[in-house]
Amino acid sequence: MDFITLDCVHKTCRAKNMTHSVLAVSQAVPQPEGQIWNLYLQCRDCQGGTVAYFLDSERLGLQPANVELQTFRNFFTLVGTAPEMPAPTIIEAMPENVRGPWIEAEHSFDNGHAGTAAMAYRRVMERSLRKEHPDLKGNLADRIKALEGTLPDAIIDMANQVRFLGNDGAHDEDDPDMEDVANGRDFVRLYLVYTYELPARIARAVKAREDRKITKAG
Ligand SMILES: [Zn+2]
């Protein structure tokens, strides 16, 4: 693997779908949600260096060296970068009524408006849970806890540490601080990746595999 395409994260560049040279690949300490791979990249436009973190869920158990470059992005999910990805982070396959508050939350976060961002991230969770898990009862914190079994425990634990996703988040008299909002944003982003983007990527990879089989047979 010698290059992949990625939106450049550097503020002075931000080239869309830019070719990045892959300088090195290393495996991070295994995480409960799967294996994280670090890709050390260089933007071919601004020459800026970026580390991209890709998740290979345990269900797939793949290694980058065994995956063709063209299908890499179908098997591995980009979960973060250093420097951080600029907001809004685009997540595939979200329903329209979830995408709206997500984009609003990301813009508010990017502009440093902690209270507005927190309310919009809560709205993302409320709308998505109502659509995907309509049988769950209780307040937002209770329903997030009840996602056990559908999300890795480590991700649910992340949400438990976030004050604005807690029981009284909606009635707080003080705005949450930016650190709390940043932690909540990490949780909501991973929830959305697991709920919408990862199943879409896996379906695409399975279809690509079937298409190759048909081509071979024909
Ligand atoms: Zn760049």
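In this predicted model, the axes of helices H5 and H6 come within 9 Å and cross at roughly 145°. The crossing has a left-handed sense. On the H5 side, the contact is made by Ile155, Met158 and Ala159, and these meet Asn183, Asp186, Phe187, Leu190 and Tyr191 of H6. Sorted by class, the residues of this H5–H6 contact come out as six nonpolar, one polar and one charged.

Once residues up to four places away in sequence are set aside, Tyr191 touches Leu151 and Ile155. Then there is Met125: 66 residues separate it from Tyr191 along the chain, yet their C-alpha atoms are 8.8 Å apart.

H6 also packs against H3. Here the axes come within 10 Å and cross at roughly 25°, so H3 and H6 are roughly parallel to each other. This crossing, too, is left-handed. H3 brings Ala114, Ala117, Ala118, Tyr121, Val124, Met125, Ser128 and Glu132 to the contact, while H6 brings Met178, Val181, Gly184, Arg185, Val188 and Thr195. Taken by class, that makes nine nonpolar, three polar and two charged residues in the contact of H3 with H6.

H3 (residues 114-132) has another partner in H2 (residues 96-110): these two pack at an angle of about 160°, with their axes 8 Å apart. That angle makes H2 roughly antiparallel to H3, since anything over 145 degrees falls in that class. The H2–H3 crossing is left-handed. From H2, the residues in contact are Asn97, Val98, Pro101, Trp102, Glu104, Ala105, Ser108 and Phe109; from H3, they are Thr116, Ala117, Ala120, Tyr121, Arg123, Val124, Arg127 and Ser128. Nine of the residues in this contact of H2 with H3 are nonpolar, four are polar and three are charged.

As for the protein chain as a whole, it has six helices and five strands. Read from the N terminus, its elements run β-β-β-β-α-β-α-α-α-α-α. The chain has 218 residues, of which 22% count as buried. Among contacts in the chain with a separation of 6 or more, 53% involve residues 24 or more positions apart.

Conventions: Residues are numbered from 1 along each chain as its sequence is written. This is a predicted model: local features need pLDDT of at least 70, side-chain atom pairs count only at pLDDT 80 or more; totals for chains, interfaces and linings use all residues. Axes are lines fitted to C-alpha atoms, for helices over the stretch in contact, and angles run from 0 to 180 degrees between N-to-C directions. Helices (H or I, at least four residues) and strands (E, at least two) are DSSP runs, numbered from the N terminus. Angles under 35 degrees count as roughly parallel, over 145 as roughly antiparallel, 65 to 115 as roughly perpendicular and the rest as oblique. A crossing is left-handed if the near helix is turned anticlockwise from the far one by less than a right angle, and right-handed if clockwise. Two residues are in contact if their C-beta atoms, placed from the backbone, lie within 7 Å. Ala, Val, Leu, Ile, Met, Phe, Trp, Tyr, Cys and Pro count as nonpolar, Asp, Glu, Lys and Arg as charged, and the others, Gly among them, as polar. A residue is buried if 20 or more other C-beta atoms lie within 10 Å of its own, exposed if 12 or fewer, and partly exposed in between; C-beta atoms are placed from the backbone.
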